[in-house]
Amino acid sequence: MKFIPNTLLARFLILIATVLIIAQVVSIRIFDYFERGPRAEAIAQEIETVINFTRASLISSREDKRLALISELSSKGEIRIYPAYYFEDIEPLPPDPFLKVVAGKIKERLGENTIVITNHYGVPGLWVSFSIDQDEFWAVIPTPGDRAFPWHWIGWGIIVAGLSIIGAYATATRINRPLNLLIQATEKLKRGEIPEKLPLDSVTEFRTMSQTFNEMAASLGKVDQERKVLLAGVSHDIRTPLTRLRIAIEMLPKKIESGLKKSMEEDILEIDNILNQFIDYVRGFNQEATVTTNLNDFFSHMKNQHQILNRHIVLVSNLKIPIFYDIKPISFRRLFDNLINNAFSYSSGEVVITIRKHKESISISVLDDGPGIPPDHIQRLLKPFERFDVISINKKQVANNREGCGLGLAIVDKITEAHNGKLVISNRAKKGLEVKIILPLISES
């Protein structure tokens with residue numbers, strides 16, 4: 001649900017506040033329910049006393065003086081006495097739970113034949129019947145209302161809720177602190193960086209969590225270091241015989257067929273390219289420092305450098321003002337070199353680079369006019385060692401590209417991720433492939 005916050009702290013506070021409100025309401029209702037009976041009993045006892053005293057007064061008076069006594073009793077206080085008549089219209093009590101409890105208590109004390117009604121003849125009050133000999137009378141007593149709302153309970157409830165929320169906030173913050181440190185450390189680990197050791201908490205569960213993560217990070221760091229040592233060794237051990245082979249080819253007699261010699265040189269070059277791609281992929285790109293760079297100048301420079309190689313690049317941009325972006329320059333250059341090289345490998349003419357500035361992002365696309373890629377195979381290109389040689393998919397020939405070992409787009413994907421960007425590959429509407437890099441917009445000037 002959209003209205004529920006995502007953070008643990010906010011959810012914890014909402015949960016505590018909701019539980020407290022429900023507890024306060026339920027407590028008030030329970031108190032009201034159990035307090036209603038004793039209060040109704042006290043009111044019924046008071047009414048019984050009034051009825052008994054009134055009956056005793058009327059019985060002890062002379063019959064010809066009763067009306068005068070009734071009039072005098074009615075004028076002395078809030079209680080009034082009226083004679084009752086047979087065949088009066090008796091309306092039932094209103095649906096008030098408290099009045100029904102009071103009426104039941106009165107009947108228990110004065111008898112089941114006692115009639116209890118309210119607002120009879122439009123006169124407000126609680127009308128209770130009683131009889132003297134053959135005469136019937138009404139005693140009209142002010143309607144016992146509900147007690148005043150206990151606003152002081154609300155005040156105390158607010159104080160308790162406030163203290164509870166403060167305590168909940170302190171507890172949630174205490175829980176969030178080691179979790180946030182863990183999240184930050186895992187983010188660094190995700191980017192290929194070795195995070196600093198997490199502090200060991202005094203709480204047993206958090207201490208175990210931090211200690212386990214530190215051990216895992218240390219193991220990953222050790223593996224990464226061993227990998228770098230292995231790569232350095234592989235690079236040295238393989239390049240040394242490659243260099244000897246290259247020198248040996250140069251020293252071959254001229255009578256050797258030039259085509260065979262050229263083929264051998266291309267094989268060595270291909271091995272060298274594969275080795276470079278492999279090392280680039282495994283080494284990663286997170287250790288390189290970021291530099292604030294003018295993207296307009298960056299792509300203009302790339303265009304000029306490829307122009308020297310007789311590669312025609314069309315640069316289309318809507319950047320009317322310089323856009324500066326924090327990039328890892330060597331990796332960023334390698335990213336677009338890979339994309340441009342791939343585009344020219346499959347393209348029959350020019351390659352187009354488009355740069356678009358959006359509200360919250362910058363998109364950079366490399367477009368070619370080659371055969372494209374079947375949609376269901378696009379995601380395969382991002383996996384290491386996946387490549388499309390001369391194959392037929394759905395009876396459609398895909399261009400042949402023998403250079404590399406299928407790590408080009410995988411390297412592009414890793415560099416894009418290192419810049420917090422997103423890689424999108426799609427076929428163009430008419431012909432060719434579009435590889436788009438979407439970067440979050442940081443700043444502009």
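These exercises, each with a worked solution, cover a predicted model of one protein chain.

Local features need pLDDT of at least 70, side-chain atom pairs count only at pLDDT 80 or more, and totals for chains, interfaces and linings use all residues. Residues are numbered from 1 along each chain as its sequence is written, and side-chain values use heavy atoms, with hydrogens and water left out.

**Exercise 1. Confidence and overall make-up**

Task: State the average pLDDT of the chain, and find where pLDDT stays under 50.

Solution: 
- Begin with the term: pLDDT is the predictor's confidence in each residue, from 0 to 100.
- The chain averages 77, and 81% of the residues score at least 70.
- Residues 389-405 stay under 50. For this stretch the model has 38 contacts beyond four places in sequence; a contact means heavy atoms within 4.5 Å.
- Next, count the elements: 9 helices and 13 strands. These are DSSP runs numbered from the N terminus, helices being H or I of at least four residues and strands E of at least two.
- Of the 445 residues, 33% are buried. Buried means under 20% relative accessible area, exposed over 50%, and partly exposed in between, with a 1.4 Å probe and protein chains only.
- Take contacts between residues at least 6 apart in sequence: 66% of them join residues at least 24 apart.

**Exercise 2. The setting of histidine 120**

Task: Decide whether histidine 120 is buried or exposed, and list its contacts outside its sequence neighbours.

Solution: 
- Locate the residue. Histidine 120 lies in the loop between strand 2 (116-118) and strand 3 (126-132).
- Its relative accessible area is 6%, so histidine 120 is buried.
- Leave aside neighbours within four places in sequence. Histidine 120 then touches Glu88, Asp89, Ile90, Trp127 and Trp138.
- The side chains of histidine 120 and glutamate 88 form a polar contact of 2.6 Å. Such a contact is a pair of N or O atoms within 3.5 Å; within protein, one must be able to donate a hydrogen and the other to accept it, and residues adjacent in sequence count only if both atoms are side-chain atoms.

**Exercise 3. Strand 4 and its partners**

Task: Explain why strand 4 counts as largely enclosed, and describe its pairing with strand 1 and strand 3.

Solution: 
- Strand 4 spans residues 135-141. Because 5 of its 7 residues are buried, the rest of the structure largely encloses it.
- Two strands pair if DSSP finds at least two bridges between them.
- Strand 1 (residues 80-83) runs antiparallel to strand 4 over 4 bridges. Here arginine 80 faces valine 140.
- Strand 3 is also antiparallel to strand 4, over 7 bridges. Phenylalanine 130 stands opposite phenylalanine 137.
- The hairpin of strands 3 and 4 has 2 residues between the strands. In this hairpin, aspartate 133 has a positive phi near 55 degrees.

**Exercise 4. The nonpolar cores**

Solution: 
- Define the set: buried Ala, Val, Leu, Ile, Met, Phe, Trp, Tyr and Cys residues joined through side-chain atoms within 4.5 Å.
- The largest core holds 34 residues. Those touching the most other members include Phe299, Phe336 and Ile437.
- Elements that each supply at least two residues include helix 7 (295-308), helix 8 (329-346) and strand 13 (433-440).
- A second, separate core has 22 residues, among them Ile47, Ile70, Leu99 and Val102.
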